[in-house]
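Dear colleague,

Please find below the sequence and structure that I am passing on to you.

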Amino acid sequence: MTAKQFDVIVVGAGFAGLYLLHRLRALGLQTRVFEAGSDVGGTWFWNRYPGARCDIESLEYSYQFSDALQQEWEWSERYATQPEILRYINHVADRFDLRRDIALNTRVAAAHFDASRSRWAVTTQAGDAYQAKYVVMATGCLSSANLPDFPGLQRFTGDWYHTGHWPHEPVDFAGKRVAVIGTGSSGIQSIPVIAEQAAALTVFQRTPNFSVPAHNGPLDPERVADIKANYRRFREANRQTAFHADFRYNAANATEVSAQERQREYEARWDRGGLPFMAAFADLVFDEQANESAAEFIRGKIHEIVEDPETAELLSPRSMVGCKRLCVDSHYYATYNRANVRLVDVSQHGIKAITPTGLETELEAFAFDVIVFATGFDAMTGALMSIDIRGRLGETLQQAWAEGPKTYLGLAIAGFPNLFTVTGPGSPSVLTNMLPTIEHHVEWITDCINYVEQKGLASIDATADAQEAWVAHVNDVAESSLYPRGNSWYLGANIPGKPRVFMPYLGFPPYADKCKAVADNGYQGFALSG
Ligand code: N01
């Protein structure tokens, strides 16, 4: 059987895959998108758990490539819910007529580079074969769900779900005894909603996380009109902060102002809500003492909100604020004041097994009708490593990344020509507002492909030297901060056996400048061949 031929194969139909298709089509390139899900949406297709919403404000967590699109779309709340974001993604797919080039229910199993022809052979799980000159992995940073290997899960007679693979039908918790395992962003968002429905909710916490209130609510139409009238300026401000136009970075150091000033600033940011809490002082992620002042402030808030002092203490993290992704919640801590909610600490005595009727820790047996795993993802590398990717010399990605991921700019991997990654390890990705970052990557990648095509070249491959220098630089920048000291998924610390490497690159504007300089200098650090 002859393989179907394309110019470009894109893996994934989330925000990145859709925009890639739009841009590649405009270049006149025959493009096919393969998507494992039964519809478009990526993260927002899979993560349908109760309470799922974005922690970046909706007016900024949206595409900016089309002014008509950003003018016509109406967001309803400060932080959009998962269903609203999914409606938006579907609207984009229809508005730009993208669906006809997307193959749904199609999981890519392998991509092998044929150096003699400078083409990729792509095979799907169903065994269908395709070829393309370029492959772009738009597989997402948080798409490979982590289900801990607890013995006994198969024998559980109740229902169980992972937040990252939530069913499409509504899950009814009414009258049920429910367990939630995990207290990261997914747990913290779902726990308050499940608690309102369930007869009894037991939360199993291994490590407490810092969370700040979202103060979500309907968007003020006057503010929306104002932003829409100045959308370009608003987006530019966002780009400078990498997160929020409204981040209001404070240039002062926490360690250099008075205790009253620190308290005033933290209070103001707590009242305003959301991730801008991290911009309260310039030294928060660089100085332990500064970080501890923020940690102490949040611990104080937890003790103010949670009535039972023992529970409040268990919920109070002893780690550094922000070194794990700061959570943004709606009534998370207050949920523990409900009579039907219990917090169980599994930091010292872990979950031993899932039983047919519930689960057992080393201290106690519990009965449940439903278990929710909010246990996160094999982040940033999981989705890529689950595909059998082989480069120029037949080397697998697993071999190339045995000691941790290595990329050039988070966009390319030496030895894997004509293969690009969107928001890959070594790019700012998860330390930014993902949408503008995705757009930046898509534009850089499609400009690069266009350059190769216009020059009539066969391939482009990152050089090992450029990659090594970039990896060293990413590590140096990370080491100047407190980030590598947290046991976070940023480091792969949540997956047993995963090499501990700080994966994202700290600093969006300098990163974008570097990418531009590389392109302006004829793709410096890449080997181009004819
Ligand atoms: O996953 P996580 P997540 N026994 O890895 C626990 C984005 N996101 O899905 O910390 C017991 O943060 C684990 O415990 P520990 C966002 O970037 C965004 O919640 O390893 N517990 C932890 O508590 C976020 O950071 C949004 O000790 C176990 C939890 O499971 C990222 O996705 C919403 C365990 C996993 O937390 C991931 O968030 C949701 C075990 N064996 C997600 N194994 C928004 O936009 C794991 N845990 C708001």
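**Helix packing and cavities**

Please note that the model is a predicted one. On the α14 side, the contact is formed by Thr437, His440, His441 and Trp444; on the α16 side, Phe508, Tyr511, Ala512, Cys515, Val518 and Ala519 take part. Sorted by class, this contact has 7 nonpolar residues, 3 polar ones and no charged ones.

From α1, the residues in contact are Phe15, Ala16, Tyr19, Leu20, Arg23 and Leu24. Their partners in α14 are Leu435, Ile438, Glu439, Val442, Glu443, Ile445, Thr446, Asp447 and Ile449. The contact of α1 with α14 comprises 10 nonpolar, 1 polar and 4 charged residues.

A further pair consists of α8 (residues 259-272) and α9 (residues 288-305), whose axes come within 11 Å and cross at roughly 55°. That angle makes α8 oblique to α9. The crossing of α8 and α9 is right-handed. Helix α8 contributes Arg262, Gln263, Tyr266, Glu267 and Trp270, and these meet Ala290, Ser293, Ala294, Phe297, Ile298, Lys301 and Ile305 of α9. By class, 7 nonpolar, 2 polar and 3 charged residues make up the contact of α8 with α9.

I turn now to the cavities. The structure contains 5 of them with a volume of 30 Å³ or more.

The largest cavity holds about 90 Å³ of space. Its lining consists of Pro405, Lys406, Thr407, Pro425, Gly426, Val471, Val474, Asn475, Val501, Phe502 and Met503. Of these lining residues, 7 are nonpolar, 3 polar and 1 charged.

The second largest cavity has a volume of about 60 Å³. It is lined by Met137, Thr139, Gly140, Cys141, Met380, Leu384, Thr421, Val422, Thr423, Gly424 and Pro425. This lining has 6 nonpolar and 5 polar residues, with no charged ones.

With kind regards

Technical notes: Residues numbered from 1 in each chain as written. Predicted model: local features only at pLDDT ≥ 70, side-chain atom pairs only at ≥ 80, totals over all residues. Heavy atoms only, no water. Axes fitted to C-alpha atoms, helices over the stretch in contact; angles between N-to-C directions. Helix = DSSP H or I, 4+ residues; strand = E, 2+ residues; numbered from the N terminus. Parallel < 35°, antiparallel > 145°, perpendicular 65-115°, else oblique. Left-handed = near helix turned anticlockwise from the far one by under 90°. Contact = heavy atoms within 4.5 Å. Nonpolar A, V, L, I, M, F, W, Y, C, P; charged D, E, K, R; others polar. 1 Å grid on protein atoms, 1.4 Å probe; cavity = no way out; pocket = protein on both sides within 12 Å on 5 of 7 lines; lining within 4 Å. Points joined across faces, edges and corners; volume = space filled by probe spheres on them.
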